[in-house]
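Let's walk through this structure together, one region at a time. Please keep the sequence and the 3D view side by side as you read.

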Amino acid sequence: MANHPKPTSAPLTTLTEPDLAVLQSEPLLDSVGQALCDQGWWLGDAAVDPDLTRALRADLETLRARDALERAGIGRDLDFQLAERVRGDRIHWLSRANAVQTRLLDQMEALRLTLNQGLFLGLFEFEAHYAYYPPGSFYRRHLDSFRGAANRIVSAVIYLNEDWGEDDGGELVLYAETSSVELARIAPRAGRMVLFLSEELPHEVLPAQRDRYSIAGWYRLNASVNNQIDPAR
Ligand code: OGA
Ligand code: MN
């Protein structure tokens, strides 16, 4: 039998199409950079692959069925009523212990590297959680990050809701930095991704009429103090 030499440059993994449309297209990626610089936000329809969107949705529904979601933004029991008046979502932080969540985190990591090349933002890491908003719940107007204290630089929201109708509510409303002028009202439709500057755009989630499923994430700077890297969250 012939002794075939080992190929010298065999790929380590099979290359697959990225699950984020922005990573497949240079013009689209340019439009993200442009939009973030010029207006502080970007919206992509069909930004996330439909298979990945469905898998994430199924994963979140499983977590919900297992009672594995926690109330968001509550430090102590005393804060509970206050928090409930500000935000009514239930969350679960994404981790690499889970294959579907890893697929999204890998994509967002690739997007981080590409954004850094184009925009020189120095984004250091990405953290994200699933969010489930029961019918009637909302998230009052807020900023994701405050200038100075800030290490959240770019916010990312990904929507997982098929067949979201005009009357289903639950829109994300983006406001101009210092006024109540609405910049955009975005329905939480499956496949959509919104990116915006965390320190600049106040925003809110209007009450939804149906179960509302999403992922909220943040690209952060490296906020290291005394050589100790401040962990995510
Ligand atoms: C958030 C947030 C927006 C949305 O979780 O901080 O603003 O549309 N989410 O879910
Ligand atoms: Mn927010």
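**The metal site and its surroundings**

Along the chain, the donors of the manganese ion (ligand 2) follow the spacing H-x1-D-x58-H. Those protein donors are His-142 (NE2), Asp-144 (OD) and His-203 (NE2), lying 2.1 to 2.2 Å from the ion. Donors here are N, O and S atoms within 2.8 Å of the metal (3.2 Å for Na, K and Ca), and water is not among the atoms, so sites may look incomplete. His-142 belongs to strand β5 (residues 139-142) and His-203 to strand β10 (residues 203-205), so the pair ties together parts that are 61 residues apart in sequence. Both histidines, His-142 and His-203, are buried; buried means under 20% relative accessible area, exposed over 50%, and partly exposed in between (1.4 Å probe, protein chains only).

Before going further, a word on conventions. This is a predicted model, in which local features need pLDDT of at least 70 and side-chain atom pairs count only at pLDDT 80 or more, while totals for chains, interfaces and linings use all residues. Residues are numbered from 1 along each chain as its sequence is written, chains are lettered from A and ligands numbered from 1 in the order in which they are written, and side-chain values use heavy atoms, with hydrogens and water left out.

Now look at ligand 1. The residues that surround it include Tyr-139, His-142, Asp-144, Tyr-159, His-203, Arg-212 and Trp-218, where a residue is near a molecule or strand if one of its heavy atoms lies within 4 Å of it.

Stepping back to the whole chain, you will find 4 helices and 13 strands. Helices (H or I, at least four residues) and strands (E, at least two) are DSSP runs, numbered from the N terminus. Of the 233 residues, 47% count as buried. Residues 24 or more positions apart account for 77% of the contacts with a separation of 6 or more, a contact being heavy atoms within 4.5 Å.

What does the interior look like? In the largest nonpolar core there are 37 residues, and Met-108, Leu-111, Met-193, Leu-195 and Ile-215 touch the most other members. The elements that give two or more residues to this core are α1 (26-38), α2 (50-65), α4 (99-119), β4 (125-133), β6 (152-159), β9 (193-197) and β11 (212-220), and α4 gives the most, with 6 residues. A nonpolar core is a set of buried Ala, Val, Leu, Ile, Met, Phe, Trp, Tyr and Cys residues joined through side-chain atoms within 4.5 Å. Leaving out residues up to four places away in sequence, Leu-195 touches Val-32, Leu-36, Trp-41, Leu-111 and Val-154, among others.

Beyond its neighbours up to four places away, Gln-101 touches residues including Asp-59, His-92, Trp-93 and Tyr-130.

Finally, turn to the loops. Ala-46 lies between β1 (41-44) and α2, and Asp-67 between α2 and β2 (70-71). Each is a residue other than glycine with a positive phi, near 50° for Ala-46 and near 65° for Asp-67. Ala-46 counts as exposed at 60% relative accessibility, and Asp-67 is exposed at 68%. By contrast, Ala-72, in the loop between β2 and α3 (80-86), counts as buried at 2%. Ala-72 and Ile-91 are 19 residues apart in sequence and 5.8 Å apart in space, C-alpha to C-alpha.
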